[in-house]
Amino acid sequence: MEVILLGTGGPRPDPRRMATTTLIRLGEENILFDAGRGVMVQLSKAGVPLGAINTVFLTHHHFDHIGDLYDVMLNSWMSGRKDDLRIYGPPDTERLVNTLVTQVYDKDIAWRDQGEPTFGGWKPVVATDIVPGPVLDTGRWKISAELVSHGDGLDMSPAFLARWMCLGYRFEAEGKVIAISGDTVPCPGLERLAEGADLLVQCCFLATPEINNEHLRRLAKFTIACGDTVGKVAAKAGVKKLALTHHRPRTDDTMLNALLADVRRDYSGPVVLGEDLTRIEV
């Protein structure tokens with residue numbers, strides 16, 4: 001079993017990083033977590049057969065996590081996908097996917113389906129809205145979701161918050177556990193999905209010296225975990241290996257090194273300072 005950090009950046013364009021997207025490879029199976037900027041290019045660079053992508057789990061609906069979802073739908077089919085592409089995510093995932101297929105890219109699909117029949121006809125995309133709890137058990141691997149906190153303490157309207165959900169995932173196979181944090185700050189859901197994990201792929205946006213104004217202090221408290229808390233989360237959960245992702249754009253590695261020092265103050269296990277296309281054996 002192998003994890004590939006396809007992208008380790010965030011919503012802002014970064015010449016060094018694509019948006020946060022993670023792949024789990026289990027034999028011939030390729031399970032994708034999110035579909036951010038550049039995902040299909042990164043899969044190509046990693047040597048992953050694009051037609052072998054059949055399952056996608058979305059953590060939430062920020063554009064840096066779903067911006068290239070249609071690229072996954074189309075290019076997996078154009079590269080030989082024979083089965084349904086199954087997409088799971090928080091409520092509104094089904095509506096989002098159906099809108100892409102039937103309203104945004106419907107002419108593109110029809111043109112390629114009817115005008116380029118060598119692709120063998122459009123292969124369906126099936127989206128499923130999920131909530132925290134067990135999600136799927138294939139007999140070879142199973143996955144569950146946890147509710148994590150991503151902006152829940154900000155001044156959003158009750159109507160918006162009623163529609164907002166961010167998920168983290170706990171993937172289990174071959175006696176191993178991989179936890180995918182999603183975008184979150186420390187919270188009970190993150191603790192549960194990370195408990196005893198062999199690998200925690202954890203968002204870690206800022207180093208402590210970068211949390212230097214009120215806006216960034218609110219971000220570190222309510223929106224996305226940073227170096228001041230990530231090591232504590234990993235140590236408390238007893239994770240065996242930690243991979244840091246979802247980094248702020250930077251022009252050099254000074255603050256990345258500071259981020260690593262932050263985490264290592266609290267967590268003594270192996271730390272992977274994620275770069276795009278980093279491969280991690282589990």
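The model is predicted.

Start with the cysteines. A disulfide needs two cysteine sulfur atoms within 2.5 Å. By that rule the count is zero. C166 is in no disulfide; the nearest cysteine sulfur belongs to C203 and is 8.3 Å away. C187 has a relative accessible area of 10% and is buried.

C166 leads on to T59. The two residues are in contact. T59 sits in the loop between β4 (53-57) and α2 (63-66). Its relative accessible area is 0%, so T59 is buried. What surrounds T59, leaving aside residues up to four places away in sequence? The residues touched are D34, H65, P90, M165, C166, L167, Y169 and G182. The side chain of T59 also makes a polar contact with the side chain of H60, at 2.8 Å.

M156, F160 and L161 make a nonpolar patch of about 220 Å². F160 belongs to helix α6 (residues 158-163). With a relative accessible area of 32%, F160 is partly exposed.

Charged pairs come next. The whole structure holds 16 salt bridges. One of them joins E210 and R248, with the closest N and O atoms 3.4 Å apart. E210 lies in the loop between β11 (199-203) and α8 (214-223), and R248 in the loop between β12 (242-245) and α10 (254-266), so the pair ties together parts that are 38 residues apart in sequence. E210 is buried, at 7% relative accessible area. R248 is partly exposed, at 27%.

Another salt bridge connects helices. The side chains of D266 and K232 meet at 3.3 Å, N to O. D266 is in helix α10 and K232 in helix α9 (residues 227-237), so this pair links distant parts of the chain, 34 residues apart. D266 is partly exposed at 30% relative accessibility. K232 is partly exposed at 45%.

R170 and E172 form a salt bridge too, their closest N and O atoms being 3.8 Å apart. R170 counts as buried at 17% relative accessibility, whereas E172 is partly exposed at 27%. Finally, D92, R95 and R163 are linked in a network of salt bridges.

Note on methods: Residues numbered from 1 in each chain as written. Predicted model: local features only at pLDDT ≥ 70, side-chain atom pairs only at ≥ 80, totals over all residues. Heavy atoms only, no water. Buried < 20%, exposed > 50% of the residue type's maximum accessible area, 1.4 Å probe, protein only. Helix = DSSP H or I, 4+ residues; strand = E, 2+ residues; numbered from the N terminus. Polar contact = N/O pair within 3.5 Å; in protein donor to acceptor, adjacent residues only side chain to side chain. Contact = heavy atoms within 4.5 Å. Patch = residues over 30% accessible without salt bridge, like charges linked within 9 Å, V, L, I, M, F, W, Y side chains within 5 Å. Areas by Shrake-Rupley, 256 points an atom, 1.4 Å probe, with all protein chains shown as cover. Salt bridge = Lys/Arg side-chain N within 4 Å of Asp/Glu carboxyl O.
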